[in-house]
Amino acid sequence: MRSVRSANPALETLEPYDPKYLPANAFLSANENPLDVPADVRLAVKREVRNVAFNRYPDPLANDLRDLIAEANGLDRDCVLAGNGGDELLFDIALAWGGPGRTFLNLPPTFSVYEINAQLTSTNVVRIPRRADYSIDEEAVLARVEAGDIDYIIVTSPNNPTGQLADEAFLLRLLDATDALVVVDEAYFEFSRRTMRPWLEKHANLAILRTFSKAFSLAGVRMGYLFADPRVIREVAKVRQPYSVDAVSQIVARVVFENRAKFEPGIKAIIAERGRLMNELGAMDGVRPYPSDANYILFRVSGADAVWERLYEQGVLVRDFSHAPLLEGCLRVSVGTREQNDAFLAALRAARKE
Ligand SMILES: *Cc1c(COP(=O)(O)O)cnc(C)c1O
């Protein structure tokens with residue numbers, strides 16, 4: 001055969017995911033922790049990895065890690081599921097709660113992965129755009145779920161890329177108003193320190209997503225986890241790839257989780273730097289930063305694409321959303337080390353003077 005028939009038509013309008021990373025001195029575009037895992041924790045990982053049986057399949061459900069995370073959160077093992085990054089769990093949720101004839105409610109602008117997953121799984125998407133200040137149009141969401149056709153909803157809190165938390169009272173009203181699966185994406189929980197965890201036992205339709213990629217410096221390792229009612233976890237476990245969480249990642253995540261207190265000073269420093277960046281950005285003419293409870297700040301600036309270029313020429317890479325729907329004119333800067341943030345501020349001031 002010299003030709004191949006076309007792939008699934010659902011793929012036609014999709015592009016392979018490309019975060020547009022470029023080499024830079026100050027890499028402030030991916031919301032990673034600017035500091036790597038502490039040296040003593042790396043050493044502990046190394047000692048344990050030495051004993052891994054590479055010829056054996058890993059524990060498919062990563063039960064040691066599950067137990068550790070469950071216990072730390074006052075949950076049973078069957079309320080926790082580990083995934084190959086939060087992204088895998090988001091895809092699994094789309095497979096399990098979406099699909100042809102099913103409907104996902106999205107609150108854009110938000111994490112682009114959600115709609116890609118809906119498209120891949122031929123799930124209908126209903127959108128309730130956020131308001132001009134990127135707050136959730138709460139009454140519109142509550143009214144929309146009344147129709148009873150929504151199968152799952154993802155509320156990102158804090159929202160990426162806009163930075164704000166969802167209001168807890170609103171989430172509780174939503175959980176009561178619908179039997180749709182309500183996923184609260186808490187990828188940035190360690191920076192916001194606010195969680196829906198206390199409400200898990202009362203709401204069988206609540207799921208909470210977390211990740212090791214941001215506060216815990218493991219973006220390169222791929223580990224995320226989900227909290228939910230055991231009946232929800234069971235369905236998601238049915239669609240997951242059996243060995244997606246490999247043996248080495250299980251060890252790295254376990255050792256990092258056991259040592260999570262060592263990440264606290266770094267997290268506190270990022271929160272303090274976030275406040276400083278917010279003040280500095282707010283004081284610049286023609287720059288409008290949006291308040292953030294995460295480790296990044298979205299800001300609107302005139303001539304955003306030219307500003308992005310100037311920053312990049314000065315070695316500072318930020319994320320360009322200036323042509324994304326509902327985010328026109330916006331850039332997002334991840335909070336880095338004090339030095340990186342200073343480099344960003346200096347480059348932005350220079351760019352604005354031109
Ligand atoms: C980073 C992120 C995730 C998960 O990332 P992984 O690296 O796949 O764990 C999930 N949701 C949001 C909103 C994120 O920003």
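Me: Where is Y134 found in this predicted model?

Reply: The model is predicted, and Y134 is found in the loop between β4 and α5 (138–145).

Me: Why is Y134 called buried?

Reply: The relative accessible area of Y134 is 3%. Buried means under 20%, so Y134 is buried.

Me: What makes the backbone of Y134 worth a remark?

Reply: Phi of Y134 is near 70 degrees, a positive value in a residue other than glycine. Most residues other than glycine have a negative phi.

Me: What makes the link between T121 and T123 a polar contact?

Reply: The two side chains make their contact at 2.7 Å. A polar contact requires a pair of N or O atoms within 3.5 Å, one able to donate a hydrogen and the other to accept it. A polar atom of the T121 side chain also lies 3.2 Å from the backbone oxygen of A118.

Me: Which residues does T121 contact beyond its neighbours within four places in sequence?

Reply: With those neighbours left aside, T121 is in contact with F91, A94, L95, G99 and P100.

Me: How do you know that the bond between P108 and P109 is cis, and where is P109 found?

Reply: Omega of the peptide bond that joins P108 and P109 is about 0 degrees, and the bond is cis. P109 is found in the loop between β3 (103–106) and α4. Another cis peptide bond runs from N160 to P161, with omega near 10 degrees. P161 is in the loop between β5 (152–156) and α6 (168–177). Most peptide bonds are trans.

Me: How do you know that the length of helix α10 agrees with its number of residues?

Reply: Helix α10 (residues 264–282) has 19 residues, which at 1.5 Å a residue should span 27 Å. The end C-alpha atoms of α10 are 27 Å apart, so the two values agree.

Me: Which residues of α10 are buried, and what do they pack against?

Reply: G266, I267, I270, E273, R274, R276, L277 and L281 are buried in α10. The buried residues of this helix pack against α7 (189–192), β9 (287–289), β10 (296–301) and α12 (338–353).

Me: Why does R231 count as exposed?

Reply: R231 has 59% relative accessibility. Exposed means over 50%, so R231 counts as exposed. R231 lies in helix α8 (residues 230–239), and its side chain makes a polar contact with the side chain of D229 at 2.9 Å.

Me: Why is the aromatic pair of Y21 and F27 called edge-to-face?

Reply: A search of the whole structure finds 13 aromatic pairs. In the pair of Y21 and F27, the centres are 5.3 Å apart and the planes lie at 70 degrees. Centres within 6.5 Å make a pair and planes over 60 degrees apart count as edge-to-face, so the pair of Y21 and F27 is edge-to-face.

Me: What makes R260 a charge over the ring of F257?

Reply: R260 lies over the face of F257, at 4.1 Å from the ring centre, where the distance limit is within 6 Å. F257 belongs to an aromatic cluster with F212, F216, Y225, F227 and F263.

Me: Which domains does the assignment give, and how many residues are in contact between them?

Reply: The domain assignment gives domain 1 (9–37 + 263–353) and domain 2 (39–260). In domain 1, 35 residues are in contact with 37 residues of domain 2. The C-alpha centres of the two domains lie 24 Å apart.

Note on methods: Residues are numbered from 1 along each chain as its sequence is written. This is a predicted model: local features need pLDDT of at least 70, side-chain atom pairs count only at pLDDT 80 or more; totals for chains, interfaces and linings use all residues. Side-chain values use heavy atoms; hydrogens and water are left out. Helices (H or I, at least four residues) and strands (E, at least two) are DSSP runs, numbered from the N terminus. The expected span of a helix is 1.5 Å times one less than its number of residues. Buried means under 20% relative accessible area, exposed over 50%, partly exposed in between (1.4 Å probe, protein chains only). Contact means heavy atoms within 4.5 Å. Rings of Phe, Tyr and Trp (its six-membered ring) pair if their centres lie within 6.5 Å; planes under 30 degrees apart count as stacked, over 60 as edge-to-face and the rest as tilted. A charge sits over a ring if NZ of Lys or CZ of Arg is within 6 Å of the ring centre and within 35 degrees of the ring normal. Domain bounds come from an automatic or database domain assignment.
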